[in-house]
Amino acid sequence: MNAISTGAPPFSEPHVAPNQLAYIQDVLETGRLDGNGRYTEQATAFLRGVTGAHSILLTPSCTHALEMSALALDLEPGDEVVVPAFSYAPTASAFALRGARLVYADCHPDTLNVRADHIEAAVTERTKAIAVLHYAGVPCDMAPILAVAERHGLSVVEDSAQALGSTYRGRPAGGFGRFGALSFHATKNVHCAKGGALLVNDPEDVERARTIQDRGTDRHRLFQGLVKEYQWVDLGSSYMLNELSAALLAAQLETFDQVQARRHRYWRAYDEELADWAGRHGVKTPHVPPGTTHSAHVYYLVLPTEEARDALLDHLASRQVTATVHYRALHDSPAGRRFGRIAPHGCQVAAALPRRLARLPLHSGMTPEYQRRVIDAVMSFTP
Ligand SMILES: *Cc1c(COP(=O)(O)O)cnc(C)c1O
């Protein structure tokens, strides 16, 4: 199953931006190598524009940004964090690393995004925070989730790894919670090989976040001229992105609008061309709720059964098309069972749907001819 047959193109290829080599060379020749140089400034200025976040700290990955948020929340052993049952491991492990107990909430069958009513049912007097994932870059229904957080005095962390450029009721994803986390891993729409960002939406968290980012020291205050020497003041780690990666990121972000336009064209072509076939065969395609825009990060199909999904992947592989699965739900994973429990309403949707899900190729370097081949190959399959 899911083998990459010889001759099939890779599932995804990292985006290439025209200025990336020149910017990296510039850093090597003239710049500060360790981070917080002019390309970090260029990238964060752009990202502030897209996300509306108060402050943005570039990190070595989205996983590290989520870990920073967990440190900033001052979680203690025994505290609980409600996390989406359907998400990638870092959305949960960042909090388990602080000793928190995870409680898995189920997702909506139409978007695979976590449900506010299931989150609320999971809240106890030990709950400190809610983590959400905007799956495939389609934003969660944030209004009821924020209302739950407000009612119970909880912080919200948004895993926006897939949602750069997505909006909910006109406002950018990543800007709703106390913290948001972006990923610039090579598989994301724009990337810096490996990298991420912490979005800090509350000005009161900025100072602390900078300390956590710089090994728990107040070195950032030295650079601002606020102290004459720096010292260890808090828990932290080495969470700053190096400037070579920031240069790559700055070059990639210059092409963000073109990347998004291209990905949206491919995404829409899948959606339009596969609609009849999907309807005839009981295959679910992505749902984008009214009032939201998405990032065209993933185009997926949910087949009627797991066997049909596996058969589709084999069928596509035999036609030199590389499609693939996505992650399985956290609550029925080995570590998920060790570090958390299922919320009172159960996790039926998250248990079933990811096993039936297949992702189709979608990246900025793809050709229309290849997409034609993918669409024809999918439509020649009968679940
Ligand atoms: C890609 C991804 C991550 C991890 O990103 P890294 O930058 O590789 O740490 C986390 N969460 C989700 C939902 C992702 O898609």
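## Largest pocket

Helix 3 (62-72) and strand 13 (357-360) each contribute at least two residues to the lining of the largest pocket, where helices (H or I, at least four residues) and strands (E, at least two) are DSSP runs numbered from the N terminus. Helix 3 gives the largest share of that lining, three residues. The model is a predicted one, in which local features need pLDDT of at least 70 and side-chain atom pairs count only at pLDDT 80 or more, while totals for chains, interfaces and linings use all residues. Residues are numbered from 1 along each chain as its sequence is written, and side-chain values use heavy atoms, with hydrogens and water left out.

The largest pocket holds about 640 Å³ of space, and of its 29 lining residues Tyr 88, His 185, Thr 187, Lys 188 and His 326 are the closest to its centre. On a 1 Å grid over the protein atoms alone, a pocket is an open set of points with protein on both sides within 12 Å along at least five of seven lines, a cavity is a set where a 1.4 Å probe fits but cannot get out, and lining residues have an atom within 4 Å of a point. Grid points are joined across faces, edges and corners, and a volume is the space filled by probe spheres set on the points. By class, the lining comprises 12 nonpolar, 12 polar and five charged residues, with Ala, Val, Leu, Ile, Met, Phe, Trp, Tyr, Cys and Pro taken as nonpolar, Asp, Glu, Lys and Arg as charged, and the others, Gly among them, as polar.

## Second largest pocket

Two or more lining residues come from each of helix 2 (38-51), strand 1 (55-59), helix 7 (206-213) and helix 8 (219-223). Its lining has six nonpolar, eight polar and four charged residues.

## Cavities

There are three cavities of 30 Å³ or more, and the largest cavity has a volume of about 70 Å³. Lining the largest cavity are Ala 161, Gln 162, Leu 164, Ser 183, Phe 184, Lys 188, Asn 189, Val 190, Ser 295 and His 297, which divide into four nonpolar, five polar and one charged.
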